[in-house]
Amino acid sequence: MTTDPLERLRSAAHAAISGDRIVETVRLLAAGPSPRGAERDTATRLAEWAGPLWPALSFRRDDIGASGANLVATSVHEGGTRSGELLLYSHLDTSLPGDATRDRWATGIDTPPAPLTVTPEAGLLAGFGLGVARAPAAAALAGYTAAAAALLDAGVPHRLTLLLASAGTHASPFAATTESAAPVGVEEYLRTHPRPEAAVVAKCGPPGILYEEPGAAFVRVRLGTGYRPVLARDAAPPEGGLIAHLGEVIAVLERWRAEYAAARAGSGGQVAAEAGIGAVRGGLAAKPDLLPGVVELHLYVVTVPGDDVERIAADIREALEAGLRGGPLEGCAPVVEAREAHPAGVTPPDAAVVRHAAAAWRREHGGPPPPVKGWKGSTDGVVLRGHGVPTVRVGPAVRPDPADPRRDVVELDTLLRFARIYAEIVLRHVVYGEPVLEPSQS
């Protein structure tokens with residue numbers, strides 16, 4: 001006879017996790033575009049579908065900005081409990097909106113991505129945006145609803161929230177677009193709701209559990225010169241114009257990037273630093289007879305705990321001034337500006353939510369989670385840590401579709417496995433509060 005107090009709850013939750021429901025959730029997420037800050041239609045579809053299925057879980061759409069929205073579900077049973085609120089988090093938006101005309105500057109592909117495909121005989125899903133959040137968000141919804149329903153049916157006191165948020169992907173404020181100006185959904189949620197006791201971020205990532213995440217910053221490097229047409233290029237300062245010498249700027253920035261990453265290598269922990277030039281802007285495409293008077297280079301910088309973004313900007317400026325001194329660009333004084341998206345965040349590895357996640361992983365995979373080192377992917381999950389919420393990130397791995405790298409491929413069995421992991425973390429948080437030894441170890 002089992003002594004595990006979770007067994008009855010676990011059996012009920014596992015029985016309620018359905019592959020068909022996960023597929024249906026992914027179909028709803030993929031039924032239309034969901035760009036950053038314009039997720040309202042997606043949130044509406046999910047709320048209208050999920051509300052009647054789980055009326056006790058109070059699914060609602062919280063509008064944000066002009067066209068953004070969070071999808072929020074709550075499950076509360078009042079009474080004595082060992083734990084406070086647990087937040088299970090993912091997001092609704094995709095890194096690219098799926099508009100081939102816009103996205104081709106990043107993807108190099110002119111045609112729209114193919115629609116979501118489900119291959120039942122192979123148990124595979126393939127589609128645009130699955131790896132960013134759609135696949136783990138569907139697994140999170142399945143795990144959350146199953147665990148919450150089991151707790152409600154058993155009359156176990158708890159307080160749980162599922163948040164599928166708006167604007168969960170990064171966008172540079174230097175772009176000055178509607179997309180980049182969209183309010184961050186998790187920030188808006190935390191501004192208007194009590195802080196949860198712990199959080200689980202459901203996103204694809206490394207095979208294992210992240211209790212540390214790097215931060216992210218945007219850097220704009222701007223060089224300016226006098227106005228000249230191409231016909232006067234020999235008289236331009238510098239001769240030939242800014243773009244003719246852009247390689248020198250890129251070479252300096254690449255040397256800085258190598259030094260930046262090397263200085264932070266082997267510093268311990270799960271995360272590592274990175275940086276790269278993601279966009280270059282200069283001139284007027286409709287008037288290439290005019291040399292650009294301004295050229296901008298936009299960098300994305302992955303930071304580690306202790307990094308100071310203003311110091312990083314100063315280091316880049318000093319590197320450019322030294323590297324361009326004595327050359328044709330010496331007079332084009334670089335202006336370097338930096339904006340932090342989120343600082344790096346660390347949750348103690350012995351925090352309750354981390355240990356619950358490790359126990360859930362062990363139960364599902366038959367062994368401990370693999371160690372994670374050198375992870376360079378920052379998400380808005382660090383927002384939760386910034387608000388003092390112990391946070392763990394865990395999610396399925398996906399692989400690119402060999403026919404179209406914009407699409408991801410994931411096994412349905414993998415999503416079912418992670419739905420069970422999310423349900424297990426929820427149940428452990430509610431029943432145990434602070435972790436205890438496994439029944440077999442006690």
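The following dialogue examines how several terms are applied to this predicted model.

Biologist: Why is Arg10 called buried, whereas Glu7 is called partly exposed?

Modeller: Buried means under 20% relative accessible area. Arg10 has a relative accessible area of 2% and is therefore buried. Glu7 has 26%, so it falls in the partly exposed class.

Biologist: How many salt bridges does the rule give, and which residue pairs with Arg311?

Modeller: The count comes to 29 salt bridges. Arg311 pairs with Glu318, with the closest N and O atoms 3.0 Å apart. Arg311 is partly exposed at 40% relative accessible area, and Glu318 is partly exposed at 44%. Another of the salt bridges joins Arg60 to Asp62, again with a closest N and O separation of 3.0 Å. Arg60, at 26%, counts as partly exposed, and Asp62 is partly exposed at 22%.

Biologist: How do you know that the length of helix H12 agrees with its number of residues?

Modeller: Helix H12 (residues 412-432) has 21 residues, which at 1.5 Å a residue should span 30 Å. The end C-alpha atoms are 30 Å apart, so the two values agree.

Biologist: Why is H12 described as largely enclosed by the rest of the structure?

Modeller: Of the 21 residues of H12, 17 are buried, and the helix is therefore largely enclosed. Just after H12, Gly433 takes a positive phi of about 65°.

Biologist: Which residues have the most contacts inside the largest nonpolar core?

Modeller: They are Phe59, Leu162, Val200 and Tyr422, in a core of 69 residues. Leaving aside neighbours within four places in sequence, Leu162 is in contact with residues including Phe59, Leu71, Leu88 and Tyr144. Apart from this core lies another, of 29 residues, among them Leu223, Val271, Leu299 and Cys332.

Biologist: What makes strands S11 and S14 the edges of their sheet?

Modeller: Four strands form an open antiparallel sheet in the order S11-S13-S9-S14. Strand S11 (274-282) and strand S14 (335-342) each have a single partner strand, so one side of each is left without a neighbour in the sheet. The twist averages 20° from one strand to the next.

Biologist: Why are S9 and S14 counted as paired?

Modeller: Pairing requires at least two bridges. Strand S9 (residues 215-224) and S14 share seven bridges in the antiparallel sense, so they count as paired.

Biologist: Is His245 buried or exposed?

Modeller: His245 has a relative accessible area of 15%, under the 20% cut-off, and is therefore buried. His245 lies in the loop between strand S10 (228-229) and helix H8 (246-263). Beyond its neighbours within four places in sequence, His245 is in contact with Pro238, Glu239, Pro328 and Leu329.

Notes
Residues are numbered from 1 along each chain as its sequence is written. This is a predicted model: local features need pLDDT of at least 70, side-chain atom pairs count only at pLDDT 80 or more; totals for chains, interfaces and linings use all residues. Side-chain values use heavy atoms; hydrogens and water are left out. Helices (H or I, at least four residues) and strands (E, at least two) are DSSP runs, numbered from the N terminus. The expected span of a helix is 1.5 Å times one less than its number of residues. Buried means under 20% relative accessible area, exposed over 50%, partly exposed in between (1.4 Å probe, protein chains only). Contact means heavy atoms within 4.5 Å. A nonpolar core is a set of buried Ala, Val, Leu, Ile, Met, Phe, Trp, Tyr and Cys residues joined through side-chain atoms within 4.5 Å. Axes are lines fitted to C-alpha atoms, for helices over the stretch in contact, and angles run from 0 to 180 degrees between N-to-C directions. A salt bridge is a side-chain nitrogen of Lys or Arg within 4 Å of a carboxyl oxygen of Asp or Glu.
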